Amino acid sequence: MIDPALVSALSALMFVIGLGGAFTRKNAIIVLMCIELMLNAANMQFAAAAVHHGDTTGWVYTLFAIAIAASEVAIGLAIFLAVYGQHETISLDDVDVLKN
Amino acid sequence: MASTEVTNTINSEWLEFAPLIILLPMMTFAVILFLGRVFNGNPFWKNTMKEGGLIALPVMGLSLLLSLLLISEFLGGFNPLKVFDPATVDKLAWVNSGVWDGGSNLESVSFSFGIYVDHVTVMLLFVAAFLCLLINTFSIGYMNTDPINDNRNHRFYAEFVLFCSGMLGMVLADSFLWLFIFWEIMGLCSYLLIGFYYERPSAASAAKKAFLTTRIGDVFLMVGLVMLWDLFGSLDYAIVFNEENIAAVAENSAGTLQWALGLMFIGAVGKSAQFPLHVWLPDAMEGPTPVSALIHAATMVNAGLYLVARMFPFFGAEALHGDLDDLAFIIAAIGGITAVMAAAIAFVQMDLKKVLAYSTMSQLAYIFTGLGCAMYLANTLDWHHDDDAHYIVVVAFGAALFHLFNHAMAKGMLFMASGSVIHEVHHAHHHLHHHDEHGDGHHDDHHDDDFDAQSMENMGGLASKMPITATAMLVGSASIMGLPLIGGFWSKEGIIANAWRVAQDDPRFFLPAICVLLGAAMTGFYMSRMWFKTFAGKPNNEVAAHVGPTNTWIKTPLFILTFVTLSSVIFAGLGFTHWASENSYELGQDGFLHGLQHEFEHAFANTDAFFFVLTYVAILLGAVIGPGLAMALYGGKLADGEEAKPWMRPVIQLSAWVRKRFHFDNSAFAESTLATALENRLYIDEYYDKAMVNIVAAFSSKAAETDSEVIDGTIKAIESGSQSLSSFIRSMTTGSARDYILMVAVGTLSIFMLIWGVA
């Protein structure tokens, strides 16, 4: 059995990698992947906590979060398609109509 | 009078229907307005339904019928001691509301509607319902025959019935709160009806003036009611007139009570057009004549008197003995001053309706004087235990109420008669000048070109041409003047006598006492002047020579009211002069003939030498000197070949003889400063205008300055501040998704750190 503390640490690492990617990359698909990474980090944290407390509730949350993440990706990709239809790019630096 | 002294409670069948007296006209208001909108211009609606007049008429008839049933039950046939106990009547809860008691509690208060019937109610109820019906009849003859009113009479009838509903409601209401609500409904209808010809600037401004002037009084009335609420915790008559409640209040706040009643009296002054809030009534004559007859002569202006009469239980309460005599004096003094002032202004008016308007003010002032004296007597005499004192109080109060009755009947009739004259003079003018010259027969303004159909300059010698109108006017004038045996004589004598009775006791009352005695002579003069200028002598011009008789709708109410006024002697014999007494109610108690004998003895052969002389002085002034002067100046024979009816012939012949024998030149007076001042209504309107300009306008411009600089300035500062703040915040939105993610991350982290730090 792996120590939940190690899982927790891995989750934190994954979260930071995801956050860093989301900050720095300008391709929207990569940013979306980074967000998924953060979401999975959270899932992993749930799992670690479930093992630590010996409680199944954490596993249930994880399952819900995976389902939600799947639908979120679908919506995200649909948005990018729509953005591409409008702007002919999905580079986040070029899509700035909300400015000022 | 207080409700605890009520001896008998009866379970009345007709009391159940009493709310219908109010509700029927109120619903008719909506019906006429709706139908009038839908069928406007439809010939059936216009000619057969009289644009709503024939819907209003049966409804007013029904209201009168229900009122009469209620009244007859109240009078109770052979047992005159039956009185309704208001506490037993089921009330319709109107609003349940919480009232903050000033501490930490909310009291639950139910404002409910009920019907309160006592002697004062019954008197006013009959006057209002009866005159509403008669004047409705008159309106059909007056309004629907004038082309200027075509296609908008439905508005007139709708407002007319709403007014009737307000008046009847005010009389029947069982609390000061409902009285005030109906009072304001009447004020609204008065405003709307004065401004009926709203396209005329004079009518529009007269309506505004009437509304605003009465509103000044109403504000005081409202403050008075709030104070009364504060003292009693209720405005229901059943509670505020309760002897024990009054005693509890009297113990330590009799002074506050006097202030509350005094403020309420100011409301009455506004509504009944007394000095100094009288300025609206003469202008209100801009309204159609039926409106002047109903609202501004016979009913609404009585509302103020009704309010004061309603206060009687306070003045009569044993617990307040001697505490309210100052207020009683103020009421009597305002009455006395107005009586003389209005009568003096009426001397010089040329407009027929204006003379009647000032006469109304003057006569209402008489009733106020009468009420004031009755209140004084009730407040200072030990009338609960002393039978003689009791009789004096009852007679004094009864005289004022009886004068209200007589005046309402006579003045309603006089206004209708004046309307009849104006209507026919106008038609004659129309016939002479427009039919012949233009041939199109289409001209429809009462005030077209320079011809004024209301001016007595355009009348004269109409007695033979309009016999019924002339008779009605003669009887009405005689009643107002207090000519012996006719109409107002019985009540006016009582008011004068009581004013002097009180003056012997309290020298302050010499002011109103002298005023009412002087006013009697003045009334005799101006009423006679009006009659002789209109009906006697030769026609003043061609128009007056071509006046014809009037239509049946107009004649009928005149005919009925002539007889009502003439039968005042019968009412007097029936004991109307002791109208308001709660336990020695004497209507027909000793038989009619005994009552009549009693009245005659009192009027003509008083055992007290002072009052004996006073009676004959009053008769001399009011029935001989006043009319004699008018005859000497304005009397005269009719034109040759014209023959008045036999009962008017002696009057006209007498006037011609007096004129021949005693005529004098009054041009010196007519050109004097006093006459000019009177013609300008003593410049009171000008004073008010000036006061408005100097005080109110100055205040207003200061207020406008404050508004534009201080208040607007603050708002503008807030506006520009928030604008610059928002443009600063706007610069933070870069539009780049990564920046937003960064902000979200930093924000979330900060929240976590905060929670961590706090924990």
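## A tour of chains A and B

Start by selecting B:Lys492, B:Ile495, B:Ile496, B:Ala499, B:Trp500 and B:Ala503 in H18(B), which meet B:Phe510, B:Pro512, B:Ala513, B:Val516, B:Leu517 and B:Ala520 in H19(B). Residues are in contact here if their C-beta atoms, placed from the backbone, lie within 7 Å. The residues of this contact divide into eleven nonpolar, no polar and one charged. Nonpolar covers Ala, Val, Leu, Ile, Met, Phe, Trp, Tyr, Cys and Pro, charged covers Asp, Glu, Lys and Arg, and the others, Gly among them, are polar.

A word on what is on screen: this is a predicted model, in which local features need pLDDT of at least 70 and side-chain atom pairs count only at pLDDT 80 or more, while totals for chains, interfaces and linings use all residues. Residues are numbered from 1 along each chain as its sequence is written, and chains are lettered from A and ligands numbered from 1 in the order in which they are written.

Helices are DSSP runs (H or I, at least four residues), numbered from the N terminus. H18(B) and H19(B), residues 510–535, pack at about 150° with their axes 8 Å apart; axes are lines fitted to C-alpha atoms over the stretch in contact, and angles run from 0 to 180 degrees between N-to-C directions. The pair is therefore roughly antiparallel (over 145 degrees).

Stay with H18(B): its 17 residues reach 25 Å from first C-alpha to last, close to the 24 Å expected at 1.5 Å a residue (1.5 Å times one less than the number of residues). Because 14 of the 17 residues are buried, H18(B) is largely enclosed by the rest of the structure. Buried takes 20 or more other C-beta atoms within 10 Å of the residue's own, exposed 12 or fewer, and partly exposed lies in between.

Next, select B:Leu485, in the loop between helix H17 (467–481) and helix H18 (489–505) of chain B. Though not a glycine, B:Leu485 has a positive phi of about 80°, and it is partly exposed, with 14 other C-beta atoms within 10 Å.

Over in chain A, pick A:Glu88, in the segment after helix H3 (57–87). A:Glu88 also is not a glycine, yet has a positive phi of about 60°; with 8 C-beta neighbours inside 10 Å, it counts as exposed.

Back in chain B, find the cis peptide bond joining B:Phe275 and B:Pro276, with omega about 5°. B:Pro276 sits in the loop between helix H9 (243–271) and helix H10 (280–283).

Last stop: ten residues of chain B are in contact with ten residues of chain A. Helix H29 (residues 737–758) gives the most to chain B's side, with five residues.

Terms used. Helices (H or I, at least four residues) and strands (E, at least two) are DSSP runs, numbered from the N terminus. Angles under 35 degrees count as roughly parallel, over 145 as roughly antiparallel, 65 to 115 as roughly perpendicular and the rest as oblique. Two residues are in contact if their C-beta atoms, placed from the backbone, lie within 7 Å.
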